[in-house]
Amino acid sequence: MLSFASDYIEGAHPKILEKLAETNFDIQPGYGDDAYCLAAKEKIRAACGCPEAEVYFLMGGTQTNRTVISAYLRDVEGVVSPVTGHVNGHEGGAIESSGHKVLTLPTEDGRLDPAVLRSYLRSFYSDAEGAIHMVQPGMVYVTHPTEYGTIYTFRELEEIRAVCDEYDLPLFLDGARLGYGLATPGTDVTLSDIARLTDVFYIGGTKVGALLGEAVVFPKGAPKHFFTHMKQNGAVLAKGRVLGIQFGTLFTDGLYESIARHAVTQAERIRKTLSECGFRLHIDAPTNQVFVVLTDAQMEELGKRVVFTFWEKPDEEHSVIRLCTSWATRPEAVDELCAILCDLSGYEG
């Protein structure tokens with residue numbers, strides 16, 4: 001079976017495994033105070049163009065989202081998110097279990113529309129009498145790339161930033177797949193742009209070449225006692241070196257960027273084949289996630305040879321599936337997948 005189910009189903013990039021083995025017997029302090037974490041933080045600061053940023057290493061995306069959001073919000077506050085946001089749909093109520101509501105806004109392609117955000121906040125604060133009875137907006141959350149593989153433009157992020165400034169709300173960017181967004185041809189958003197426009201973001205490692213781990217960056221400084229928040233959320237790894245070594249390797253000689261570009265290139269090959277074979281893409285996503293509409297019969301047939309992710313049902317006879325590439329996707333596997341897709345469609349070109 002070919003597997004295009006997700007971008008975290010392989011292990012880690014060989015250079016990471018080599019570095020972990022090479023440093024295995026080196027004695028280092030725990031909890032992120034080791035030389036490898038300190039060096040990795042400096043590399044990340046340099047890549048972000050933000051020498052004063054505070055950087056913390058956590059183990060996974062859901063854990064990171066819960067820890068960051070709970071560190072920022074007061075008891076009466078919730079986090080504003082697109083309805084498709086990961087914190088709303090695929091984290092098992094992790095945010096709600098911390099005592100904070102996810103305040104959802106509609107979206108057509110996973111992105112938060114700045115105009116929709118402004119309209120929501122204007123309406124909320126216009127009703128001063130009613131607002132005191134409601135969960136207060138305390139933070140704005142976006143993902144880049146989104147859960148639909150779409151990305152923000154620089155202008156869109158600027159406009160969201162402007163709304164956040166207008167209402168004095170911190171902006172949090174979930175970068176679980178950030179490498180793939182930065183590697184997308186034609187994007188006008190850089191890592192330094194994200195550092196300038198957000199209050200906090202994270203650089204995903206779990207889905208972009210690491211065994212595990214996310215690097216949380218606070219360009220303007222972290223909330224008070226953030227490390228203690230990490231402890232309370234079970235987000236501190238005693239052997240912090242495991243995370244520092246990985247991110248230090250990813251941010252050496254452009255490895256993070258190059259492996260992300262590979263995934264995006266392979267996904268584009270799949271999208272091209274789907275279009276040539278007459279399939280309908282569900283959404284125009286330029287990153288490593290490919291969403292396609294199949295008849296239920298086609299989906300069943302494809303499932304005999306390929307592992308994919310079911311996404312949603314647009315009607316009674318069709319389904320949307322996701323095919324996902326990664327830093328480790330083999331071009332030969334994409335060749336085989338494309339041949340299967342062409343056969344499935346009856347395409348003879």
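Which residues of H8 are buried? In H8, they are Phe154, Leu157, Ile160, Arg161, Val163 and Cys164, where buried means under 20% relative accessible area, exposed over 50% and partly exposed in between, with a 1.4 Å probe and protein chains only. Keep in mind that this is a predicted model: local features need pLDDT of at least 70, side-chain atom pairs count only at pLDDT 80 or more, and totals for chains, interfaces and linings use all residues. Residues are numbered from 1 along each chain as its sequence is written, and side-chain values use heavy atoms, with hydrogens and water left out. Helices (H or I, at least four residues) and strands (E, at least two) are DSSP runs, numbered from the N terminus.

**Helix H8**

- H8 covers residues 154-166 and lies across strand E5 (136-143) and strand E6 (171-174).
- Against E6, H8 runs at about 145°; axes are lines fitted to C-alpha atoms, for helices over the stretch in contact, and angles run from 0 to 180 degrees between N-to-C directions.
- From first C-alpha to last, the 13 residues of H8 reach 18 Å, close to the 18 Å expected at 1.5 Å a residue (the expected span is 1.5 Å times one less than the number of residues).
- The buried residues of H8 pack against helix H6 (114-126), E5, E6 and helix H10 (191-197), contact meaning heavy atoms within 4.5 Å.

**The sheet**

- Seven strands make an open, mixed sheet in the order E2-E8-E7-E6-E5-E3-E4; two strands pair if DSSP finds at least two bridges between them.
- Strand E2 (54-58) and strand E4 (102-105) sit at the edges with a single partner strand each, so one side of each has no neighbour in the sheet.
- On average, neighbouring strands of this sheet are turned by 25° against each other, direction ignored.
- E3 (residues 77-82) pairs with E4 in the parallel sense over four bridges, and Pro82 has Leu105 in E4 as its bridge partner.

**The core**

- The largest nonpolar core has 56 residues, with Ile44, Phe201 and Ile203 touching the most other members. Such a core is a set of buried Ala, Val, Leu, Ile, Met, Phe, Trp, Tyr and Cys residues joined through side-chain atoms within 4.5 Å.
- Leaving aside residues up to four places away in sequence, Ile44 touches Val55, Phe57, Ile203, Ala215, Val217, Phe247 and Phe251.

- The His144 to Pro145 peptide bond is cis, with omega near -5°, and Pro145 is in the loop between E5 and H8.
- Asp168 isn't a glycine, yet its phi is positive at about 55°; this residue is in the loop between H8 and E6 and counts as exposed at 68% relative accessibility.
- His225 also has a positive phi, near 60°, and is exposed, with a relative accessible area of 52%.

**Salt bridges**

- There are 15 salt bridges in the structure, each a side-chain nitrogen of Lys or Arg within 4 Å of a carboxyl oxygen of Asp or Glu.
- Arg111 and Glu156 meet at 3.1 Å, N to O. Arg111 is in the loop between E4 and H6 and Glu156 is in helix H8, so the pair ties together parts 45 residues apart in sequence.
- Asp109 joins Arg111 and Glu156 in a network of salt bridges.
- Arg118 and Glu166 form another, with the closest N and O atoms 3.2 Å apart. Arg118 belongs to helix H6 and Glu166 to helix H8, so this pair links parts 48 residues apart in sequence.
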